[in-house]
Amino acid sequence: MTPPDLDRVREAARRIAGIVHRTPVHTSQTLDRDLGARVFFKCENLQKVGAFKARGATNAVFALDEHRAAAGVVTHSSGNHAAALAWAARRRGIACTVVMPEGVSPIKLAAVRGYGATVVICPRAEREATCRRLAESSGASIVPPYDHPDVIAGQGTAALELLEECPDLDLIVAPVGGGGLLAGTAIVGNAACVEVWGAEPEAVDDAYRSLTSGVRQPGVTDPQTAADGLLTGLGALNFEILSAAGVRIITVGEEAMLSAARFFIERMKLVVEPSGATVLAALRREQSILGGRRVGAILSGGNTDFSWLSR
């Protein structure tokens, strides 16, 4: 697959305009004072389905021609992408099948079904094979969670909007799991000559190891982290994009991540899931080098059951 470029991100922005939210940008004087920088938070926690995933899923669904769309779409996911694809398919009026693993959260399962998707449950190790089999039998188009040009281009529209509203940024920070959001952000940031960082939990550090070694590393097996949206290993296409862009990965500890999530609730009145709060934890870790810079930070989502609050 060929990585998308800035023109493809702009095309995605035109395609999804009026379908997904143009999310607001929030700031905090308290945080700016503490960090010694001006920070602009792009609130994808207020996006459709509660996460940036609506952007990539919508772009991929609406990019299909009529013939391919008529056969529907299929994916494998137990998280925000599953809900986002189901929602986008319903908006276009086409069928959607989502392969989810045994033991999936009942809340997430109900959300996906609530958006009208057909759910197929299978053993976790068989998700991709089951997805391919369903696509072959039905003719449906597979829309992967993160490692696909249309998905990456769609995710990049968040950074595009951020720079339109907050020009002259010096740095943009985004979380990294599979890498679709960060890769899209890197495409936009590189074109604008803006430095890009990825924020990643120490417990799921394959992106950090991959980009520092120059070789894509395997994902962490059974990681223990509250950042349940960042458990996926870095995708091959995203690794290629991030490597070429020279993106730096900042790893953060659990305590720092959860402290950041609490800050958003207590001081900014924003519900940000721990995965999204990694960006603030990363900025706090690197505070000494921020020095008055203008920083954009993408809050990736707000879907959480708040179980981490008791930690």
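This is a predicted model: local features need pLDDT of at least 70, side-chain atom pairs count only at pLDDT 80 or more; totals for chains, interfaces and linings use all residues.

Reader: Which strands stand at the edges of the open sheet, each with a single partner strand?

Author: The sheet is open and consists of six strands with mixed pairing, in the order β1-β2-β10-β7-β8-β9. Because each edge strand has a single partner, one side of it is left without a neighbour in the sheet. The strands in that position are β1 (25-26) and β9 (248-252).

Reader: In β10, which residue is the bridge partner of Val39?

Author: Strand β2, residues 38-43, runs parallel to strand β10, residues 294-299, and six bridges join the two. Within β10, the partner of Val39 is Val295.

Reader: At about what angle does helix α13 run to β7?

Author: Two helices may be considered here. Helix α10 (residues 206-213) packs on the sheet by touching β8 (195-201) and β9, and its direction makes about 145 degrees with that of β9. Helix α13 (residues 274-285) lies across β2, β7 (171-175), β8, β9 and β10, and its angle to β7 is about 135 degrees.

Reader: Against which elements do the buried residues of α12 pack?

Author: Helix α12 comprises the 14 residues 254-267 and reaches 20 Å from its first C-alpha to its last, close to the expected 20 Å. Its buried residues are Met257, Leu258, Ala260, Ala261, Phe263 and Phe264. These buried residues of α12 pack against α2 (29-35), β2, β8, β9, α13 and β10.

Methods:
Residues are numbered from 1 along each chain as its sequence is written. Side-chain values use heavy atoms; hydrogens and water are left out. Two strands pair if DSSP finds at least two bridges between them. Helices (H or I, at least four residues) and strands (E, at least two) are DSSP runs, numbered from the N terminus. Contact means heavy atoms within 4.5 Å. Axes are lines fitted to C-alpha atoms, for helices over the stretch in contact, and angles run from 0 to 180 degrees between N-to-C directions. The expected span of a helix is 1.5 Å times one less than its number of residues. Buried means under 20% relative accessible area, exposed over 50%, partly exposed in between (1.4 Å probe, protein chains only).
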